[in-house]
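Please open the model in the viewer and keep the selection panel at hand. The stops below are given in the order in which to select them.

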Amino acid sequence: MSVNFSLPNGREVTIETGKLATQADGSVVVKCGKTMLFCSAVSSTSVREGQSFFPLSVDYQEKFAAAGRIPGNFFRREARLNDYEILISRLVDRAIRPLFPKGYMFDTQIIINLISLDEEVMPDALAGLAASAALTCSNIPFEGPISECRVARINGEYVVNPDRSQLAEADLDLIVAADKSNIMMVEGEAKEVEESAILEALKVGHGAIKTMCDAQLRLKEQVGDKATTRDVEIHEINPDVLSYVEKSIRSEILRVAGSASDKATRKSSFKEVKENFKEVALAEKGEEWMTENKEDVSAAYDKVQKKLIRNMMLDDKKRLDGRAFDEVRPIWTEVDYLPSAHGSAIFNRGETQSLTSLTLGTKTDQAMVDIAYENSYDNFILHYNFPAYSVGETKPMRGPGRREVGHANLAGRSIRQVLPDEMTHTIRLVSDIMESNGSSSMATVCAGSLALMDGGVQIKRPVAGIAMGMVAEGGKIAILSDILGDEDALGDMDFKVTGTSKGITACQMDIKIDGLPYEQLEQALEQARVGRLHILGEMDKSLSEPRNDIKPHAPRIVKLIIEKSFIGAVIGPGGKIIQELQELTGTNINIDEIDGKGHVSIASSDKAAIEDAVARIKKITFTPEVGEVYEGTVKTIMPYGVFVGFEGGRDGLLHVSEMSHSRIESVEDEFNEGDKVKFKIVDIDERTGKLRLSRKAIMPRADGTIPTDEELEEERKAAKSRGRDRGDRGDRGDRRGGGRDRGERRGGGRRRDRDDD
């Protein structure tokens, strides 16, 4: 069973089911070009005891065989998901999670595998389609179908699912997820584009997604009864319990919510309200009632608290910390906080704080990216850490989770857009969240931008980020700037926007409800723009542009470009020469061949060491150039000139005619072996490589002027012409003289004959 449809770019997509993994609840293969994605969906038929959240897992993994490659790790097999796979898993998870029934607590697993790869067809834009199709063709409760697509703006045109090679020309790259009616997830990056470009891309993407949803519905019809949604009993809160809880806690919840207190005070107050409620409920209803309705009471309490706070925002226009809807929390920043780091910054907004450090490295510090499509290296790394102490909790430290990977990616792609076009160093930013109350990824963007400028990295412009929220109920909508953690949890939208004073560099949006009109989205983008500019202004108070130089203790990198033929000479047999250079100078040296040239990078925090290494490499790779001035040593003296040796072991002839503007009678009187002499190279014989040198080309004449190259060339031509003239006259004289000699010989002969007679 299969269906086909065409993308706006003309590529055909096929969704097939019923061939692979038939014991899964749902399975499909999505094919576009040579790219093929397999997806399975399985959901348990029983709920684990005490299960209080929806246990959904989405795992996207690429099979290296899909690209004809063997994994580069030690085991030579697919291992734990890499960051790239985790990011795609998150894209799918965020799109489908809101579409399962509320209260659905059955273990559900979505597995997506790349099983064949077309180099031009990017699989990340098809993963959401595969997951939705597998769920749609199953009996798992799912309010789909949905799909995802990539929208890029290339040379001013919006292209859906462009070829990989086309993305190099894009100034906007978004992944959009939606069903036939509503957009629910956006993730992407941009080269400082205007807000209107984001809106237009969403409209274009949504139009393409509607076609993808129709194709899934056609496939569901072919599947038939197997796609009939299973009967699932979802526990509903007892209405009497809900009513009792709301009546009991309403006034106290609103009192705390409207107190405009800080996070710790608010958390403590809400906890006190809950404890008091339990005591009162126990006294009024008895222990048996409390035990019997334990789960309902807990669920009802959370539901009522959320409802009351949302209504307070919509009806009373009040936020938990007392701010206006478009107000950003107080900000303070500090740079150069860590004396040993190559750059550092603190960004503090309200109760969210990021301490970010910058480390500058060399090519050997680049991060290896080993994915099915390619094995490559990245010279920009951003890591995000969210320790438990940042929210006053304890938790085992087990390394970064999916959330940390996702936040690091968003912050990294935000800053990447303003990095220098020519990157000399490998750059690593590490954001440690010291305290958190919402928008820690956006704090990372701001602190990272400041740390780069503090470290002397010449970014194009500072970048800032802001998280927008929304509460919508009964036709009322509140758009919130710089949301708190609590507002994120109880709100209907989390929309993060980053950018410079010029435009947007990245965005991420998750919507938890149906139907966000484009007018409201436009309002959110405009409110985000104003907030972003405000934050940039606060950052400017500490540092508004990059420092002129890197820190004294940071590694300095000098780049040389040498001819391809010299690469082997610098490296030496088995790397002997380059290793000796590094040992002698204490520098780190790397060589790459790029566009037929050797690009040499020399790194060290010691400027003198770099200069020493540069001099040694220049000596190995020295190539004399016509018109350049050098200094050398007289090696050999001849009657017609001297041979001068100079850098790189080269030598050339300084002819007597090029020694001075006046005539030199004796070369031996002018030079001694070992004398230093400056000269200009005036010619290189293309056939033999011999160098012709001139000292008079850089000597002032009697009138104090330095002759131009054209004047000297005219002098040489004139001298050569005079030499030919003298040579011609001498030849004629010789010929005449020779005639006389012959006559004399003849005459002599005749005289001898006559004498003999």
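Select R403 and F386: the charged end of R403 sits over the ring of F386, 4.2 Å from its centre. A charge counts as over a ring if NZ of Lys or CZ of Arg is within 6 Å of the ring centre and within 35 degrees of the ring normal. Next, select R164, which lies over the face of Y373 at 3.6 Å from the ring centre.

The model is predicted, and local features need pLDDT of at least 70, side-chain atom pairs pLDDT 80 or more, while totals for chains, interfaces and linings use all residues. Residues are numbered from 1 along each chain as its sequence is written, and side-chain values use heavy atoms, leaving out hydrogens and water.

Now display helix 7, residues 402–416 (helices are DSSP runs of H or I with at least four residues, numbered from the N terminus). Of its 15 residues, 11 are buried, so helix 7 is largely enclosed by the rest of the structure; buried means under 20% relative accessible area with a 1.4 Å probe, protein chains only. Among the buried residues are H407, L410 and R413.

Move on to helix 13, residues 607–621. Its buried residues include A609, I610 and I617. At the start of helix 13, a side-chain oxygen of D606 reaches to within 3.0 Å of the backbone nitrogen of A608.

Finally, select F622 and Y630, both of which are buried. Their ring centres are 5.4 Å apart and their planes at 90°, so the pair is edge-to-face (centres within 6.5 Å, planes over 60 degrees apart).

Technical notes: Helix = DSSP H or I, 4+ residues; strand = E, 2+ residues; numbered from the N terminus. Expected span 1.5 Å × (residues − 1). Buried < 20%, exposed > 50% of the residue type's maximum accessible area, 1.4 Å probe, protein only. Polar contact = N/O pair within 3.5 Å; in protein donor to acceptor, adjacent residues only side chain to side chain. Phe/Tyr/Trp six-rings, centres within 6.5 Å; stacked < 30°, edge-to-face > 60°.
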